[in-house]
2 protein chains.
Amino acid sequence: MATIQDVARAAGVSTATVSRVFSAPELVIETTRQRVMAVVAQLGYEPNFAAKSLRTLRTEKILVTVPDISNPFFSQVIRGVEEAALAAGYSVLLGDTRHEEAREEQYAAMFRRKEADGLIFLGHRLPEALADMVASKGARTPIVNGCEFRPGLAVSSAHIDNEGAAAEVMEHLYGLGHARIGVVTGPLASPISSDRLSGVLSAAQRHGRASALRISIGDFSIESGVRQAGELLDELGRPTAIFCFSDEMAMGALEAIRRRGLSCPKDVSLVGFDDIRFARHLDPQLTTVSQPMEEIGHEVVRLLLDILSGRATTLQNVTLPHELVVRASTAPPAV
Amino acid sequence: MATIQDVARAAGVSTATVSRVFSAPELVIETTRQRVMAVVAQLGYEPNFAAKSLRTLRTEKILVTVPDISNPFFSQVIRGVEEAALAAGYSVLLGDTRHEEAREEQYAAMFRRKEADGLIFLGHRLPEALADMVASKGARTPIVNGCEFRPGLAVSSAHIDNEGAAAEVMEHLYGLGHARIGVVTGPLASPISSDRLSGVLSAAQRHGRASALRISIGDFSIESGVRQAGELLDELGRPTAIFCFSDEMAMGALEAIRRRGLSCPKDVSLVGFDDIRFARHLDPQLTTVSQPMEEIGHEVVRLLLDILSGRATTLQNVTLPHELVVRASTAPPAV
DNA sequence: GTTATCGATGATTTCGATTACATCAGAGCG
DNA sequence: CGCTCTGATGTAATCGAAATCATCGATAAC
C-alpha cells in the first residue's frame, strides 16, 4: 500500500504538503491540491492509521464494554453508541465481558495501552486496572458509565431513574388492586437491580404491603424468569401479579404462567422492564417500563466527547426519562 | 503515561531490553527481567499500541460489519466472533451498517487505512473500495463473509445450506398435509433470501404445488412480518401454513394470526428461521430452522486467521449444519 | 527603494516501540 | 594463552504521518 512518501514523490511535492491536503486543505493552493489528489486517487493512498495515531496520540476509537451483547437491551444501547460515535468521527471497539471480571480487566488493559481514546462501560464495575487513572485524573478521565449509576463510582454516567420507575410499576399494580405481588430481580450487586428493589420496597411500605411482597433473585435471562416466576407461582398464597426486572425474564414468567394452566392477565398480571422490541408483540402484549435505549447510547457518547474535548470538568450524572407503558398483561386481580 | 524510555531509564537498562521483556522474555536473564518488571509495575507502564502497531504493521484487530446489531441473530454471531477473536488475541471493531451502502464504504475505508488486520462482513455486498484489493490479492485477502455465501463473491465464507434448509421446511409442511403455503421472504438481493426461495420453489415443484404458493417479500423485521403475513391471511384461499425467513417475522406473523381471531397451529401453521433464543419461548413454541450462530462466528474467525497467518491459499466456503426444529407451531391443517 | 508581511511549500524532528546489528564478558577448547 | 563461541545487552535505524520551523518569492507599506 502506498505511503505518504510515494504520493509526495509522484506529485512532486513534500510529504508536508500531502499531509496538509488531508488535514488542512485551506493551506494548500488549489492547483497543488488537485495534483496531489489525482496521485492519491491513482495510487489508492489512505493515510496509515498507526502512524497518524502515534503522532497525534489519538485513536478516534471508543471502547465499549457490555456484559452481554446478545441481550437485546444492550444491543440497542450499543446501536445508539455506534450511531453517535460515527457521527462524531469515532468508531466503536466492542468488548463483550460476559459478566466476567477477567474479561473486564482484559479490556481495561487495552484501554491503558491507548487502543481507544475513551471507554464506555455498561456494566456496574469499574475495572481495577483503571482505578488509579480515575483517582488521578478525576472528572477528566475519559471513562463513562451507561445504565448503572452508583454515587461512589466517580465517573459520569447516563441512566434512568430506576428506583422511581420501579415504584411507578408498583403503584400501577397496587392501583389495580393487587396485594400479593411477586418480584423477580436481577443480581443485587448491580445498582440497576438494587435501585429498582428500593423503589419496590418503598412503594410497598407506602401501601402497607411490604409483608405481602415475595422477592426472588434472577439473572435477567429468560430461563431464570421461567424458574424464579415458577417458584413464586407455586408458593402458598400465589401472587396475583409478578414484576420482572427485565422483559426477557417476563417472557420466561409468561411461559411459567402458561405451563401451570394459568392465564395472564386473568390469573396473574405481569410487568417487565426495558421495553425491548419484542415486548409489544408478545401475547398478551407486555406492560413494561420503556427505557430510551438508543438515547442512553447517544448520551454516554456525548458525555465522553465532552471529556475528550476538555469541555467537561465536573462529573455529570444524566437521568433520562423513562415511561411506564401499560399494555394488556396487567389487569385487576380476579375476585 | 510512562513510555518505554522511562522504564529503561528507571531500570538502568536499554529500551531494547525492556521491549524484550515483553516480546521475548527468554532472551533476558531472570534478574534483569525482574528488575524491569518491578519498574513496569511501579510506573504502571503499558506499551503504546500505536507505536507497536506502526512498527509491526499489525493491529490485532478484526473489523466486523453487520447490517443490524440489534437483530438477535446477528448479535449471537457477533458473540461467537468476539469469543474466537479474543481467544486468538484479537479484538473486535464493530460496524453497524444499518443496511446502508454509505456506511459499508465508510468501514471499508477504515480497513484500507489498516485500522484492522482483517474484515468480516455479515452483509451480502463486498464494498466497492475493497474490490481492487480482492482482485489483486485473491484468496490471501484478509476478508471473510459470514452467512451470505454467493459463488461470485471471491472471498471465503461460512454459512449454512439455506436452500436445503428451506426445502426441508417445505417438506415438513407438505408432509403434514398442507397444500396452500404462504412464504414471507427477506429482500431478494441477498443470497440468504434468494437461496431459501430457491429451496422453497424446488420443493413446491417436486410436490406439484408451485401454483399454490404465495410469496411475499418482507425485510426481516417484526413489523414486516405482521404486514406481509397479514396480507397473505387476507387473501382468498387463505394459506394453511406460513413460512417466514426469520423468527422475528414469524413473531409478527403470529400477531397477525391472532389479530384475525385465528389460532396457531389450529388454523395456520407457522415456521420461522434462525432459532433465536426467543423462538422456543413463544406461544406456541415456534417451529424453526436452527442455525449454529456462535459457531458461524467461530468459523469466520478461523477462516480469517488462516488467511492472516498465510496458511490459506485457496478460497474456502464452509457449510455448517443446520437443523429443522419442530415445535408446537406446526400441525396438520384443519379438515 | 527598502523592509515588514504573508502565503505556499519544503526540511526536519518527533511520536514510542521493535529489531537488525554491534558489543562485550565469560566459558570452553586446543 | 589465545581464540572462538555464546548469551546478555546496548546502539541505532526504522515504521508513516504530523507538526514545527525555515525558506522563498511576491506584495504592500512607508
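Trainee: Is Lys266(A) buried or exposed?
Mentor: Before we start, this is a predicted model, in which local features need pLDDT of at least 70 and side-chain atom pairs count only at pLDDT 80 or more, while totals for chains, interfaces and linings use all residues. Residues are numbered from 1 along each chain as its sequence is written, chains are lettered from A and ligands numbered from 1 in the order in which they are written, and side-chain values use heavy atoms, leaving out hydrogens and water. Buried means under 20% relative accessible area, exposed over 50%, and partly exposed in between, with a 1.4 Å probe and protein chains only. Lys266(A) has a relative accessible area of 57%, so the class is exposed.

Trainee: Which residue forms a salt bridge with Lys266(A)?
Mentor: Side chains of opposite charge can pair when their charged atoms come close. A salt bridge here is a side-chain nitrogen of Lys or Arg within 4 Å of a carboxyl oxygen of Asp or Glu. For Lys266(A), the closest N and O atoms are 3.9 Å apart, and the partner is Asp267(A).

Trainee: How many residues apart in sequence are the parts that Asp234(B) and Arg260(B) tie together?
Mentor: These two form a salt bridge with closest N and O atoms 2.7 Å apart. Helices (H or I, at least four residues) and strands (E, at least two) are DSSP runs, numbered from the N terminus. Asp234(B) lies in helix H10 (residues 222–234) of chain B and Arg260(B) in the loop between helix H11 (247–259) and strand S9 (269–271), so the parts they tie together are apart in sequence by 26 residues.

Trainee: Which residue of chain B pairs with Arg113(A) in a salt bridge?
Mentor: The closest N and O atoms of the pair are 3.7 Å apart. The partner's place is the loop between helix H3 (30–43) and helix H4 (49–56) of chain B, so the pair joins two chains. The residue is Glu46(B).

Trainee: Which residues touch the most other members of the largest nonpolar core?
Mentor: In soluble globular proteins, nonpolar side chains tend to be buried together. A nonpolar core is a set of buried Ala, Val, Leu, Ile, Met, Phe, Trp, Tyr and Cys residues joined through side-chain atoms within 4.5 Å. The largest has 152 residues, and those touching the most other members are Phe243(A), Leu270(A), Ile120(B), Phe243(B) and Leu270(B).

Trainee: How many residues are in another core, apart from that one?
Mentor: Among its members are Ala116(A), Leu63(B), Phe111(B) and Val134(B). The number of residues in this core is 34.

Trainee: How many charged residues does the surface near DNA strand C have?
Mentor: A residue is near a strand if one of its heavy atoms lies within 4 Å of it. Ala, Val, Leu, Ile, Met, Phe, Trp, Tyr, Cys and Pro count as nonpolar, Asp, Glu, Lys and Arg as charged, and the others, Gly among them, as polar. Besides 10 nonpolar and nine polar residues, the number of charged ones is five.

Trainee: What is the distance from a phosphate oxygen of DNA strand C to an N or O atom in the side chain of Ser19(B)?
Mentor: Ser19(B) is one of the residues that come nearest to DNA strand C. The distance is 2.6 Å.

Conventions. A polar contact is a pair of N or O atoms within 3.5 Å; within protein, one must be able to donate a hydrogen and the other to accept it, and residues adjacent in sequence count only if both atoms are side-chain atoms.
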